[in-house]
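Here's a quick briefing to read alongside the model. Take a look at the structure, then work through the notes below.

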Amino acid sequence: MTVPAVVLFAVFHTFPALQGIFYSFTNWDGLSLTYDFVGLKNYYYLFQDENVWHSYLFTFQFAIVSTVLVNVLSLAIAIGLNEKIKFKNFFRAVYFLPNVLSVLIVGYIFNYLFANVLPLWGEKLGIEALSTNILGSEKWAWVGIVIVAVWQACAFNTILYLAGLQTVPSELYEASSLDGASKWQNFRHITFPMIAPFFTINMVLAMKNFLMVFDQVVALTGGGPGRATESISLHIYNGGFQGGEFAYQSANSVIYFIVIMAVSIAQIKFLQKREVDM
Amino acid sequence: MKKALALIMSSALTFSLLSACANKAEQNASESGGKVKIEFFHYKPEARGTFDKLIEKFEKENPNIDVVNANPPDAGTVLKARAAKRDMPDIVGVGADTTFAELAKAGMFEDVTKAPELNNIQPSYIQMVKDVSGLERVYAIPYAANADAVIYNKAIFKELGLSVPKTWDEFIAAAEKIKAAGKTPFYFTFKDAWTTLPAYNALAANTQGETFFQDLNQGKTSFEKGYKEATEKFVELLKYGHKDQFGKGYADGNVAFAKGESAMYLQGIWAIPEIKKANPNIELGVFPYPVTNNPEQTKLVSGVDLLFAISKTSKHPKEAKKFIDFLLKEENAKAYMAEQNAFSAIKGLTQEDPMLEGLKESFAKGALVDFPDHYIPPSINLANLLQQLTHDQDVGKFLKTMDAEWEKVKGRK
């Protein structure tokens with residue numbers, strides 16, 4: 001069954017990707033019937049473009065903060081849901097719900113909350129920073145996006161952690177309870193090392209997803225105020241499709257692809273080494 | 001054996017997917033049930049209902065033509081994607097903006113320079129279509145025009161004893177007076193970056209001089225020189241906003257203005273139907289942005305809001321033309337204008353709505369000028385730069401960035 005998969009992948013994925021690389025060496029605007037080869041010119045301008053640098057800065061800041069938050073929160077939720085509690089299945093379903101909802105719908109709901117509900121509370125509680133829409137603030141808009149992205153991403157990572165927690169043999173806990181270990185010691189010395197492979201995959205997936213953040217930004221701020229929350233993919237989309245600079249942004253995509261691949265490989269290398277050490 | 005079967009199945013699947021695309025395109029173009037199907041693609045969601053009614057009327061008169069009213073969200077991007085796929089709709093209805101310019105330059109549209117329909121269209125709008133595309137030939141028929149104007153709440157103006165300002169000083173004085181009375185002069189909605197554009201366009205169009213973009217292309221001027229006054233005046237207007245102006249969007253603004261939360265609204269006439277929806281009883285009026293202290297020189301920013309172009313690849317250009325001729329008929333054009341609060345590009349058709357009284361003089365005199373941002377490439381992203389400006393209010397930095405971005409975009413071409 002490998003052949004059909006390879007064929008489909010090549011036709012719908014590899015071939016367009018190669019086309020994108022090809023266009024990055026041209027000056028095609030996305031529409032014209034003709035284009036010229038311009039060599040590395042697009043790449044040359046790319047490294048001088050402040051807007052590109054800025055989008056990388058925002059995206060990495062966002063991705064690192066969100067990855068850390070998502071992993072801490074989903075691990076905590078997963079541990080809670082793995083305990084013997086009442087309505088366990090009900091809570092598992094509830095915590096999984098955000099993953100089923102469309103990002104755009106979630107975005108628009110939060111947009112409403114940030115614009116209308118939160119400022120009302122802020123005013124009542126006398127908190128100046130909250131009394132206006134944080135999405136309209138240059139300094140804090142990215143926090144709003146982090147909140148929404150983390151809220152939604154937690155669901156999927158929680159499921160992965162839950163699966164991991166169920167692989168930990170219960171004898172280990174029985175043994176440690178004989179030794180009189182505390183909950184924290186249990187977590188520190190049994191649970192966490194045992195689910196190390198799940199930690200690796202969650203870190204890598206979360207980081208990769210957040211580096212490619214697009215729809216959350218579109219639904220919440222559209223990249224604004226100014227360019228404060230313009231992620232790399234939004235920048236590529238805006239410039240390539242609306243700005244008529246298809247080839248230039250293709251070059252940006254090539255660099256972006258290399259960056260994400262490098263980050264993911266580095267993460268896997270580092271975290272897998274850690275798994276063995278533990 | 002199994003492998004071979006899998007290979008055959010997968011390639012069959014692939015080909016069926018590919019051919020499905022081709023089939024669809026053919027179907028669109030071919031006659032379905034003896035009827036000729038033409039696709040009318042436009043970018044105005046607010047006019048969808050109006051067009052539905054007009055299409056119904058047209059189909060009754062021409063039973064053998066079936067017009068499809070296509071109006072996807074983010075129409076400009078969809079249209080470009082379809083152009084790249086070489087799958088253009090028969091009739092394209094967009095504004096005279098950069099999307100149109102790019103498509104016209106790419107040779108997507110039928111040349112209508114000699115079309116008899118143009119005889120009936122105001123020459124200034126035909127010129128705008130030419131100017132925006134930067135081409136010698138005309139590739140579309142202008143249909144409707146909009147106007148970039150200040151909307152004001154008549155009740156609040158009456159209450160405070162204000163009259164319609166004719167000069168910049170009067171404009172600021174009125175804002176000052178409204179602020180002193182504890183009301184909001186302008187309801188800004190800067191969360192949506194584009195809502196900075198209506199005011200800025202009017203300011204720039206009236207202060208940049210007539211040949212700014214030609215000079216800029218020849219390197220004779222810069223934004224730092226030509227746009228200084230406009231930018232400074234724009235920053236001055238920011239003093240008269242409201243507290244959460246960075247957190248509110250266009251939809252919030254329409255509702256808030258309709259509820260009387262501000263005396264003026266720096267938008268264009270396209271916002272009126274939305275305001276009326278939120279409060280049908282509001283008494284509002286419009287006036288051109290008074291940008292200078294010489295009211296004789298004030299020009300109203302008015303662009304071609306809707307034009308019709310026939311795509312070169314259309315299989316039924318005759319039927320497409322018939323539909324456009326139908327829309328250009330006086331009674332139908334009037335119906336469109338009345339429902340959409342638009343101005344007609346057709347000679348002799350005036351907008352009689354009393355709400356738009358304040359703009360009548362400018363149209364009668366022909367004191368009109370096109371939107372400056374139609375000449376600024378979208379990859380510069382003027383709206384977001386202006387949004388930035390509303391935050392830091394740094395005129396020097398803004399103008400420098402504009403010049404730098406202009407150079408960059410030119411360099412990348």
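Predicted model: local features only at pLDDT ≥ 70, side-chain atom pairs only at ≥ 80, totals over all residues.

On bookkeeping, residues are numbered from 1 along each chain as its sequence is written, chains are lettered from A and ligands numbered from 1 in the order in which they are written, and side-chain values use heavy atoms, with hydrogens and water left out.

**Around A:Gln152**

- A:Gln152 sits in helix α6 (residues 141–165) of chain A; helices here are DSSP runs of H or I with at least four residues, strands are E runs of at least two, and both are numbered from the N terminus.
- With a relative accessible area of 7%, A:Gln152 is buried (buried is under 20% relative accessible area, exposed over 50%, partly exposed in between, using a 1.4 Å probe and protein chains only).
- Setting aside neighbours within four places in sequence, A:Gln152 is in contact with A:Pro98, A:Asn99, A:Leu101, A:Ser102, A:Val103, A:Val106 and A:Gln216, where contact means heavy atoms within 4.5 Å.

**Where chains A and B meet**

- On the chain A side 43 residues are in contact with 36 residues of chain B.
- The area buried between the two chains is about 3,300 Å², with carbon and sulfur atoms giving 51%; buried area is the accessible area (1.4 Å probe) that two parts lose on being put together, summed over both.
- There are 11 residue pairs in polar contact between chain A and chain B, both at pLDDT 80 or more.
- Which elements give two or more residues to the side of chain A that touches chain B? They are α1 (2–23), α2 (41–46), α3 (50–82), α5 (103–125) and α11 (232–242) of chain A.
- The largest share of that side comes from α1(A), with 6 residues.
- By class, the side of chain A that touches chain B has 17 nonpolar, 17 polar and 9 charged residues; Ala, Val, Leu, Ile, Met, Phe, Trp, Tyr, Cys and Pro count as nonpolar, Asp, Glu, Lys and Arg as charged, and the others, Gly among them, as polar.

**Salt bridges**

- The rule (a side-chain nitrogen of Lys or Arg within 4 Å of a carboxyl oxygen of Asp or Glu) finds 23 salt bridges over all chains, and 2 across the interface of chain A and chain B.
- One of them pairs A:Asp49 with B:Lys408 at 2.9 Å, N to O.
- B:Lys243 and A:Glu123 also meet in a salt bridge, at 3.3 Å, N to O. This pair crosses between chains, from the loop between α11 (228–237) and α12 (250–258) of chain B to helix α5 of chain A, and both residues are exposed.
- Within chain B, B:Glu39 and B:Arg82 form a salt bridge at 2.9 Å, N to O. B:Glu39 lies in strand β1 (residues 36–42) and B:Arg82 in helix α3 of chain B, so the pair ties together parts 43 residues apart in sequence.
- B:Glu39 is buried at 15% relative accessibility, and B:Arg82 is buried at 12%.

**Packing in chain B**

- The largest nonpolar core has 86 residues, and those with the most contacts inside it include B:Phe100, B:Phe109 and B:Tyr143; a nonpolar core is a set of buried Ala, Val, Leu, Ile, Met, Phe, Trp, Tyr and Cys residues joined through side-chain atoms within 4.5 Å.
- Why is helix α4 (residues 98–105) of chain B largely enclosed by the rest of the structure? Because 6 of its 8 residues are buried, among them B:Phe100 and B:Leu103.
- What covers the buried residues of α4(B) includes α11 of chain A, together with α3 (75–84), β3 (91–94), α5 (123–133) and β10 (304–310) of chain B.
- After α4(B) comes B:Gly107, whose phi is positive, near 75 degrees.

Note on methods: Polar contact = N/O pair within 3.5 Å; in protein donor to acceptor, adjacent residues only side chain to side chain.
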